[in-house]
Amino acid sequence: MGIHRSLVVFVIVALMAPLSSTATDFTVGDDEGWGLGVDYDAWAQGKQFFVGDNLVFKYMAGAHNVYKVTGDEFQNCTVPSNNSNGSFSGDDTIRLATAGKKWYICGVSGHCQAGQKLKITVLDGGAPAPAPVAPGPSSSTFQAADFKILL
């Protein structure tokens, strides 16, 4: 009986594990948001970004914006001439659709040069699912009587 119950619990946990690896929303800069005076390298350090996660940029519309740029544009703080690469609402969500390096800058004059820029690496696949919980000693052990019933 105990072995059967352990197997049922394991199957249920295994089936639910893929459901628990959902996308994560990362608010860039946490409570400080997207603005001047935030160390975005320090903010990104230690975080793992996966395909399917979202970056949420919160800022005062009109005071800042967000442009997805190339590595060279990031290094040189070059704002793309194509506004379709920019976001301007003040509450912008960018889905991380592909793996690889990603770069974002504020296109307001002087903001990127002052450090309002973010670079991250997006990893392929979803966030690792939590490990299944091992059954406790009472459910993993069996008594001789249980064994005889199963025969």
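This is a predicted model: local features need pLDDT of at least 70, side-chain atom pairs count only at pLDDT 80 or more; totals for chains, interfaces and linings use all residues.
Student: In what order do the strands of the open sheet lie?

Tutor: Helices (H or I, at least four residues) and strands (E, at least two) are DSSP runs, numbered from the N terminus. Two strands pair if DSSP finds at least two bridges between them. Here, five strands form an open sheet in the order β2-β8-β7-β4-β5, and the pairing is mixed. At the edges are β2 (49-50) and β5 (86-87), each of which pairs on one side only.

Student: How many bridges join β7 to β8?

Tutor: Strands β7 (residues 100-105) and β8 (residues 117-123) run antiparallel and are joined by six bridges. Opposite Trp 103 stands Lys 119 in β8.

Student: Which cysteines form a disulfide?

Tutor: A disulfide is a covalent bond between the sulfur atoms of two cysteines. The criterion applied is a pair of cysteine sulfur atoms within 2.5 Å. A search of the whole structure finds one disulfide. Cys 77 and Cys 112 form it, with sulfur atoms 2.1 Å apart. Cys 77 lies in the loop between α3 (71-76) and β5, and Cys 112 in the loop between β7 and β8, so the pair ties together parts that are 35 residues apart in sequence. The torsion about their S-S bond is about -70 degrees, so the disulfide is left-handed.

Student: Is Cys 106 buried or exposed, and where is the nearest cysteine sulfur?

Tutor: Relative accessible area under 20% means buried, over 50% exposed, and in between partly exposed (1.4 Å probe, protein chains only). Cys 106 is buried, at 1%. Cys 106 is in no disulfide, and the nearest cysteine sulfur, that of Cys 112, is 8.3 Å away.

Student: Which value of phi does Asp 30 have, and which does Cys 77 have?

Tutor: Asp 30 is not a glycine, yet its phi is positive, about 50 degrees. Asp 30 is found in the loop between β1 (25-27) and α2 (40-44), and its relative accessibility of 43% makes it partly exposed. Cys 77, also a residue other than glycine, has a positive phi near 55 degrees. With 12% relative accessibility, Cys 77 counts as buried.

Key:
Residues are numbered from 1 along each chain as its sequence is written. Side-chain values use heavy atoms; hydrogens and water are left out.
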